[in-house]
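Biologist: I am new to this model and would like to learn how to read it. Could we go through it together, one feature at a time?

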Amino acid sequence: MDTQVTAETAARAAKAESQYLRNCWYAAALSREIPTEDLFSRKLLDTNVLFYRKADGTPVAMQDRCPHRFLPLSLGTRQGDQVVCKYHALRFDCDGQCTHNPHGKGLIPSAARVRSYPLLEKYGFVWIWMSDRPADPSLLPDFSPLNEAPATSLAHTYMPMKAHYELIVDNVMDLSHIDHVHGEIITTRGQLTPLIPPVKESNNTVNARWEWKQTPPMMILANFLPDPQAEARMFFDITWSAPANIQLDVGAIQGDGRLDLKDSVGQYDLHTCTPASKDETHYFFATRRNHIVDDGAFNEMKIKLMHEAFVTEDGPIIEAVHQEMGTSDFFALNPVLLSNDVAPVRVRRLLARLIAEEQRSA
Amino acid sequence: MDTQVTAETAARAAKAESQYLRNCWYAAALSREIPTEDLFSRKLLDTNVLFYRKADGTPVAMQDRCPHRFLPLSLGTRQGDQVVCKYHALRFDCDGQCTHNPHGKGLIPSAARVRSYPLLEKYGFVWIWMSDRPADPSLLPDFSPLNEAPATSLAHTYMPMKAHYELIVDNVMDLSHIDHVHGEIITTRGQLTPLIPPVKESNNTVNARWEWKQTPPMMILANFLPDPQAEARMFFDITWSAPANIQLDVGAIQGDGRLDLKDSVGQYDLHTCTPASKDETHYFFATRRNHIVDDGAFNEMKIKLMHEAFVTEDGPIIEAVHQEMGTSDFFALNPVLLSNDVAPVRVRRLLARLIAEEQRSA
Amino acid sequence: MDTQVTAETAARAAKAESQYLRNCWYAAALSREIPTEDLFSRKLLDTNVLFYRKADGTPVAMQDRCPHRFLPLSLGTRQGDQVVCKYHALRFDCDGQCTHNPHGKGLIPSAARVRSYPLLEKYGFVWIWMSDRPADPSLLPDFSPLNEAPATSLAHTYMPMKAHYELIVDNVMDLSHIDHVHGEIITTRGQLTPLIPPVKESNNTVNARWEWKQTPPMMILANFLPDPQAEARMFFDITWSAPANIQLDVGAIQGDGRLDLKDSVGQYDLHTCTPASKDETHYFFATRRNHIVDDGAFNEMKIKLMHEAFVTEDGPIIEAVHQEMGTSDFFALNPVLLSNDVAPVRVRRLLARLIAEEQRSA
């Protein structure tokens, strides 16, 4: 209630807002979102970015702002692999270089270039590099299981959320929330909450793992077990990597066998978040299952149900937290931390350290 | 038009915004708004507050924010007299103390408590104490006439307004506005404006009184006088008390008798305002009449008409003033004060003094 | 991306925001917008202004804010040539002087006056003077051709835009945009873009002129030429004057004759802009054609088409630029300037110089 504290909090939050990790790959879009003929615009890290595909299918990205009069280039038109601004017809190639100025003598000022962004297209996503340093493809984590599967076992979805991206990461890193937030299709029946998951941290990852028994098993897996109504052993194994990727394995097994995706009925998931701004996040999800991998109808139904669960069950809670917080500075609000916060708090601290290191070396 | 002046005005307004009087009771809700089974949330003095009733009917209030992950508790569920957070199932008792943590070993951190607020339920309202100092029930003014009446003579209503609460207080403290703003049902036929009401001020109250004659009398009273079309003597007697209560007596009489509610046909009203923020106010109204006190149908019709008058006649004017002012710092705009402003200006100055004293002694 | 730079940019923009040129005439409204019986309110230069007409038809303007309690006077009523505040019935004459206070003894405080604004009604517009210095009618540029024409050859329209007014001025001062933005009715078929228009600057005007050939000619003129499908010589001649007027001649001719409105088929236009705030502009347009001047049906159809072109073709582009810029400080964004920017940049610099001079001498 103190004015000065509020002002300081506001200042701190405003500063935090621009402190994105830069030397890393963010998921910009699902591959299927980038059109082959048209232009596509998305705000990423407070910047509007234009995307399209060249004739050969390669996606390209550049700032969605003409350097002349600042019209978003996405309001313009394609000309082959180039883009023409709607306002004064400046033309830019895929690297953002102006290649044609129809005005006057047609001289092209050396500053007439748009910032372009390196992209990687992998795992069903288009990943973007928004740093001033050279793009380093080795910094994109390996999610290769998403590449090596029949299409009927793989699904991707996109969910815009009105919340800070770290709140979404918190939510996934603390899977105990499933006990309380989610309905039948992915219910964990209260079994995760009493567990204190072992957490392992590396230089740039945080891993947590839950193992438990549940009767009946999680609905999305139960029908593929010998006895859908009987107890199963289950596991979650999740690994965060910068900036906001969480790779998640979940599986169930009845009888002997190991709690991994080789022996269990389960799936390999990727949750990945990209801030649009401090108040809006692009939340992406991909999943590959290891059972009835050729059933396209089941595949379609299941991603629809999971998308619905995230949007109607996690979404309102995360957005309500964001609104109630009124700041992105989580620790400034003195949260009461519990055993289920170990993994998300490790992630918050590691990310903060990576951002601080990056800014020191800038 | 000067930038610097605007900046100063903005800074002053921002400061004023957090300067609520704290050591006092605010009307939080009508008694009937607080549910017996469900949870109820309302923003008061910039803070979201959760309300519900215990099994024995006692209302309770606490900050509507889980201290763990900041989800509004109002999104959770009741468990007996306690409330369970929807996000991670922390449970809190009526005092805001965490009583159950299902996570890990179930230890309850000492900080796991929600700020609770003392309440008083009186006069058809639930009153809240939002200060750090101990609640002092003696600071709730005496509106006991609202307690001692048949239900068919009593009515309460609630009107959210997009305006600073002091503008609503100004409006009631200067009843000359009725001459100009209100239609037939409570018209004063221009008789108040020429009057300069005597104003009496105590340490923490401001009283004003108008006496006049009117033909025909105010419509809501006229039909209960001997001759509804003939002249009547009338009076208003209003008393402001901190923070934003205005108790109002209004009556009409034909023939002999005193201008008070014993001799006159009239009603005992309470207007009370609670800021949600500097731009939004909860405006509450209660009224008890001293005639046909058993007529429930009339009672219902009358409160509906009065509610309509406040919402459609006062509301747009007060909200337009709020918007045109663009600040809550009334005196900074150098208002031209008239004789009808004596009472509201005394209230503004007394309230400012009470706030300043409270902050000095904090 | 740097926080400090952003803060400085914001501060600079905030300062620029209040830096309107003051000693000049702004178009406040089309003449037909100011009612004879009612009250009319419009925000101009961040100030709400009340307009109405006296019984003799003369328009008057004053701040739309009662000096007593700050209700917009436009919510009040007319009383002859005066206006009565809805809240407490203070009455003001056309000069903003309070002439009646019904409260108490009726004394009128000397401060009880509203700031009134000098107006000029000319050329189908009501022009307002919003400076503290005495109004100087000689500073309204001469647009007398708009006065000397049959009504069936003259048309005016009004378009509110969500953009900074200088972006609209930029758009008109660089007519090369017609090649790219506009559809058939005013198309220039790509002929303007290669031209570098000669630009002439005086103390307070900037003139530019384009001459070109086009086949077929611009649709709004073609049908009045000997051969609507054949090549025509065409010209644009535009003159900016402070604060945001652009007078534009456009014409087409086949065969001999000069490129002016005496010899050519063409029209005399006026574009004029008035900021409501830094984010909203009142955009006015008037046009007088020199052919089939008695055809009222054509006149009506043509202004409707031109209005549509401005609203659906220029509007979205200018508003998208405004939003993408996020500031009104154009040069702070380091635009890449081209040959087509010569005229608009001269205007921006001249206007900035006029504002700076005015503020120095204040």
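Biologist: At what angle do helix α2 and helix α6 of chain A pack, and how many Å apart are their axes?

Modeller: A word on the source: this is a predicted model, in which local features need pLDDT of at least 70, side-chain atom pairs count only at pLDDT 80 or more, and totals for chains, interfaces and linings use all residues. Residues are numbered from 1 along each chain as its sequence is written, while chains are lettered from A and ligands numbered from 1 in the order in which they are written. Helices (H or I, at least four residues) and strands (E, at least two) are DSSP runs, numbered from the N terminus. Axes are lines fitted to C-alpha atoms, for helices over the stretch in contact, and angles run from 0 to 180 degrees between N-to-C directions. Here α2 (residues 165-173) and α6 (residues 342-360) of chain A pack at about 145°, and their axes are 8 Å apart.

Biologist: Is the crossing of α2(A) and α6(A) left-handed or right-handed?

Modeller: A crossing is left-handed if the near helix is turned anticlockwise from the far one by less than a right angle, and right-handed if clockwise. The crossing of α2(A) and α6(A) is right-handed.

Biologist: Which residues in α2(A) and α6(A) meet?

Modeller: Two residues are in contact if their C-beta atoms, placed from the backbone, lie within 7 Å. On the α2(A) side we find Glu166(A), Val169(A), Asp170(A) and Met173(A), which meet Ala343(A), Pro344(A), Val347(A) and Arg348(A) in α6(A). As for classes, Ala, Val, Leu, Ile, Met, Phe, Trp, Tyr, Cys and Pro count as nonpolar, Asp, Glu, Lys and Arg as charged, and the others, Gly among them, as polar. The contact of α2(A) with α6(A) has 5 nonpolar, no polar and 3 charged residues.

Biologist: In chain B, how many residues of helix α2 are buried?

Modeller: A residue is buried if 20 or more other C-beta atoms lie within 10 Å of its own, exposed if 12 or fewer, and partly exposed in between, with C-beta atoms placed from the backbone. Helix α2 of chain B is mostly covered, with 9 of its 9 residues buried. Among them are Tyr165(B), Leu167(B) and Asn171(B).

Biologist: And where is Val126(A), and why does it count as buried?

Modeller: Val126(A) sits in strand β10 (residues 125-129) of chain A. Val126(A) is buried because 26 other C-beta atoms lie within 10 Å. Leaving out residues up to four places away in sequence, its contacts include Ala28(A), Ile34(A), Phe51(A) and Leu119(A).

Biologist: What rotation superposes chain A on chain B?

Modeller: Copies are superposed by least squares on the C-alpha atoms of residues with pLDDT of at least 70 in both. Chain A is superposed on chain B by a rotation of 120° with 0.0 Å of shift along its axis (RMSD 0.0 Å). The two copies are therefore related as by a three-fold rotation axis. A rotation of 120° with 0.0 Å of shift along its axis also superposes chain A on chain C (RMSD 0.0 Å).

Biologist: How many residues of chain A are in contact with chain B?

Modeller: 20 residues of chain A are in contact with 22 residues of chain B. Within that side of chain A, α5(A) gives the largest share, 5 residues. By class, the side has 12 nonpolar, 7 polar and 1 charged residues.

Biologist: Which residues does a cis peptide bond join in chain A, and where does the proline lie?

Modeller: The cis bond joins Thr215(A) and Pro216(A), with omega about -15°. Pro216(A) is in the loop between β13 (205-214) and α4 (219-222) of chain A.

Biologist: What is phi of Asp46(A) near?

Modeller: Phi of Asp46(A) is near 70°, a positive value in a residue other than glycine. Asp46(A) belongs to the loop between β2 (40-44) and β3 (47-53) of chain A, and counts as partly exposed because it has 17 C-beta neighbours inside 10 Å.
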